[in-house]
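I am opening a notebook on a structure that is new to me, and I want to write down what I look up, entry by entry.

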Amino acid sequence: INILAIESSCDETAAAVVNNGREVRSNVISSQIELHKLYGGVVPEIASRKHIEKINQVIEEALKEAGVTLDDIDAVGVTYGPGLVGALLVGVAEAKAIAYARKLPLVGVHHIEGHISANYIEHPELEPPFLCLVVSGGHTHLVCVKDYGKYEILGRTRDDAAGEAYDKVARAIGLGYPGGPKIDRLAKEGNAEAIKFPKAHIEGAPYDFSFSGLKSAVLNYINGCQMKGESYNPADIAASFQKAVVDVLVEKSMAAVEEYGMNKFAIAGGVASNSALREGMKKACEEKGIAFYYPSPIYCTDNAAMIGAAAYYEYLAGTRHGWDLNAVPNLKLGER
Ligand code: ATP
Ligand code: MG
Ligand code: FE
């Protein structure tokens, strides 16, 4: 089964051809990062317009790179939520048009199901059940993947997402957008023990997260130094902040692995490409004697190959969407 997958939920216009959910035949991503950098974050209206400009070209490239035509495509998969409504609509309208014209099944996919499914691409042996920590620009979810398409959310962030915290702290120390990769790099030159930042634990909700207090602590630390006329070391801030994030993510994930008796653990989403998080999780999983899975960086941040992987398993489960498929900006994981 060859699936043409389309992703346009935020600031990446992406298309891919994926065979049987795990073999990526092409993966084309047109990123708008340079455009949004000017504003320090994604501007929704600009994102929608750019998606419209790029989408046909990106799909054509994906077909060409895969060495196929639409005649070889068996189904169209598309992200229909969550995300920016105007951005999502571009992909959804395009997918519906192609599926309608070519009489192909249409499979709407949840963006986070896509991030989780990115792990299937390079790990042919990985099958549910497993536990997955999703850490992206808009989500921090600890998810039990009970079966393909069957998810139980064990915990989530109460405020900022992990990626959002990275981006905000990066802005505070003058690194610019997107901050995650820049903090990752700068942290390597800093001392992670230099500053003690708080690690939030939420009473009665062991798998929930909170990052806004940590973000405020970093801002307060910087303001404090400035008030006292002292200089501060951005690399130490980056390393200490990152340690606080990674420690909490590792602790909570491993506690859940223990409680749910899981022997497989995966990470997903843009922050899953963070080197300290990968190292921390790898070490913790080794100590526990469980298998650890993570996607290559290109499959961590937004891409359409992960949507193709997710769409395949939805397709097998019989998920089909009609011509009334709409963008759902606040779509819940597991909803159809
Ligand atoms: P969502 O998937 O929740 O809708 P999104 O699609 O915008 O949000 P992703 O593309 O999954 O998010 O990830 C982008 C986020 O990942 C950004 O916040 C970015 O700073 C962060 N990120 C990317 N690389 C790294 C890294 N190496 N270290 C830390 N954070 C990173
Ligand atoms: Mg993005
Ligand atoms: Fe994403």
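Before the first entry I note that helices (H or I, at least four residues) and strands (E, at least two) are DSSP runs, numbered from the N terminus. This is a predicted model, in which local features need pLDDT of at least 70 and side-chain atom pairs count only at pLDDT 80 or more, while totals for chains, interfaces and linings use all residues. Residues are numbered from 1 along each chain as its sequence is written, and chains are lettered from A and ligands numbered from 1 in the order in which they are written.

**Entry: the annotated sites**

I started with the UniProt record, whose positions are given in the numbering used here, with feature names shortened and with annotations that may be inferred rather than shown by experiment.

Under "binding site", the unreviewed UniProt entry lists His111, His115 and Asp302. I looked up how these sit in space: they are spread over 192 residues of sequence, yet they cluster, the largest C-alpha distance being 8.9 Å.

**Entry: helix 4 and its histidines**

I found His115 in helix 4, and His111 has its place in helix 4 as well. For burial I used this rule: a residue is buried if 20 or more other C-beta atoms lie within 10 Å of its own, exposed if 12 or fewer, and partly exposed in between, with C-beta atoms placed from the backbone. His111 counts as buried because it has 25 C-beta neighbours inside 10 Å, and His115 is buried because 30 other C-beta atoms lie within 10 Å. Helix 4 is mostly covered, with 11 of its 12 residues buried.

I then listed contacts, which need C-beta atoms, placed from the backbone, within 7 Å. Not counting residues up to four places away in sequence, His111 touches Ser9, Thr79, Gly81, Pro82 and Gly83.

**Entry: the surroundings of ligand 1**

Which residues are the closest to ligand 1? I noted that 24 residues surround ligand 1, and that the closest are Gly137, Gly138, Gly163, Gly180 and Gly270; a residue is near a molecule if its C-beta atom, placed from the backbone, lies within 6 Å of it. Helix 4 (111–122), helix 5 (162–172) and helix 6 (179–187) are the elements that give two or more residues to this shell, and helix 6 supplies the largest share, four residues. I sorted the shell into five nonpolar, 16 polar and three charged residues, where Ala, Val, Leu, Ile, Met, Phe, Trp, Tyr, Cys and Pro count as nonpolar, Asp, Glu, Lys and Arg as charged, and the others, Gly among them, as polar.

Why is strand 9 described as largely enclosed by the rest of the structure? I found that five of the five residues of strand 9 (residues 264–268) are buried, so the rest of the structure largely encloses it. Lys264, Ala266 and Ala268 point one way from strand 9, while Phe265 and Ile267 point the other way.

Strands pair if DSSP finds at least two bridges between them. Strand 6 (residues 130–135) pairs with strand 9 in the parallel sense over four bridges, and Cys132 stands opposite Ala266 there. Strand 10 (residues 291–293) also runs parallel to strand 9, joined to it by three bridges, with Lys264 opposite Ala291.

**Entry: backbone details in loops**

A cis peptide bond joins Pro128 and Pro129, with omega about 5°, and Pro129 lies in the loop between helix 4 and strand 6. I noted another cis bond from Tyr177 to Pro178, with omega near -10°, and Pro178 is in the loop between helix 5 and helix 6.

Key
Two residues are in contact if their C-beta atoms, placed from the backbone, lie within 7 Å.
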